[in-house]
Amino acid sequence: MIVDLQNISRSPRQFDLTFQPDWWREGSGDIQIRGLEGPLSVQLTVSRNGERFVMNGRLAGKLRLVCDRCLETYRFSLSRDFQLSLALPESWESVEEETELKIEDLTVGFISNTKIDLDDIIREQIYLALPIKSLCGNTCAGLCSRCGANLNQETCGCSENSGHPAFLKLKELQIR
Ligand SMILES: [Zn+2]
Ligand SMILES: [Zn+2]
């Protein structure tokens, strides 16, 4: 969805958006997200501050993610509040100076014109909301490093005759 910020004035403009699962397109190198599980709701307010635009947003929905350990898909509840400051070329210099002077808790996005694609911004925020370690559960047993069996679902017996128990911990680490 393209929004022209030109039309945004000092008084905030509110967007209430809902994205259906078919909105999600897999990106290149996108191995963690399988898609949306149900609609994603996005609330956005955008206001103008001189040559800059301030965006406050809230994302809520469910994603289908791949577990790092067992490679199965699981449901992840996504909720993220974010604030972005979008700077037009006229103010790039001043923004750079400011951000060097004080570290703000505000992400600055540099835009080359006032027409922005909300889809891109939301997509980026979804990536930023992903867990560093994607696990279907804290107790996920993962895959057997020998036979590839999903140890959440079956016991394969490999570990019973695989040497000294002290090394089992090491094996676990290797498959992560
Ligand atoms: Zn898992
Ligand atoms: Zn096995």
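Three helices and eight strands make up the secondary structure of the protein chain in this predicted model. Walking along the sequence, the order of elements reads β-β-β-β-β-β-α-β-β-α-α. The chain has 176 residues, and 37% of them are buried. As for how the chain folds back on itself, take the contacts with a separation of 6 or more: 60% of them link residues 24 or more positions apart.

Next come the strands. Strand β4, spanning residues 40–49, pairs with β2 (residues 13–19) in the antiparallel sense, and seven bridges connect the two. One spot to look for in this pairing is R13, whose bridge partner in β4 is V46. Strand β4 also pairs with β5 (residues 52–66), again in the antiparallel sense, this time over nine bridges. Here R48 stands opposite F53 of β5.

Which residues hold the zinc ion (ligand 2)? The protein donors are the SG atoms of C144, C147, C156 and C158, lying 2.3 Å from the ion. Along the chain, these donors follow the spacing C-x2-C-x8-C-x1-C. C147 and C158 both belong to the loop between α2 (118–128) and α3 (168–174), so this pair ties together parts of the chain that are eleven residues apart in sequence.

The two cysteines of that pair can be told apart by their accessibility. C147 has a relative accessibility of 44%, so it counts as partly exposed. C158, on the other hand, is buried, because its relative accessible area is 16%, and the cut-off for buried is under 20%.

What geometry does the site of the zinc ion (ligand 2) have? The four donor atoms make angles of 106 to 114 degrees, and the site is tetrahedral. For reference, the ideal angle for four tetrahedral donors is 109.5 degrees.

Notes: Residues are numbered from 1 along each chain as its sequence is written. Chains are lettered from A and ligands numbered from 1 in the order in which they are written. This is a predicted model: local features need pLDDT of at least 70, side-chain atom pairs count only at pLDDT 80 or more; totals for chains, interfaces and linings use all residues. Side-chain values use heavy atoms; hydrogens and water are left out. Donors are N, O and S atoms within 2.8 Å of the metal (3.2 Å for Na, K and Ca); water is not among the atoms, so sites may look incomplete. Four donors count as tetrahedral if all angles lie between 85 and 135 degrees; four count as square planar and six as octahedral if opposite donors are over 155 degrees apart and all others between 65 and 115; anything else is irregular. Helices (H or I, at least four residues) and strands (E, at least two) are DSSP runs, numbered from the N terminus. Buried means under 20% relative accessible area, exposed over 50%, partly exposed in between (1.4 Å probe, protein chains only). Two strands pair if DSSP finds at least two bridges between them. Contact means heavy atoms within 4.5 Å.
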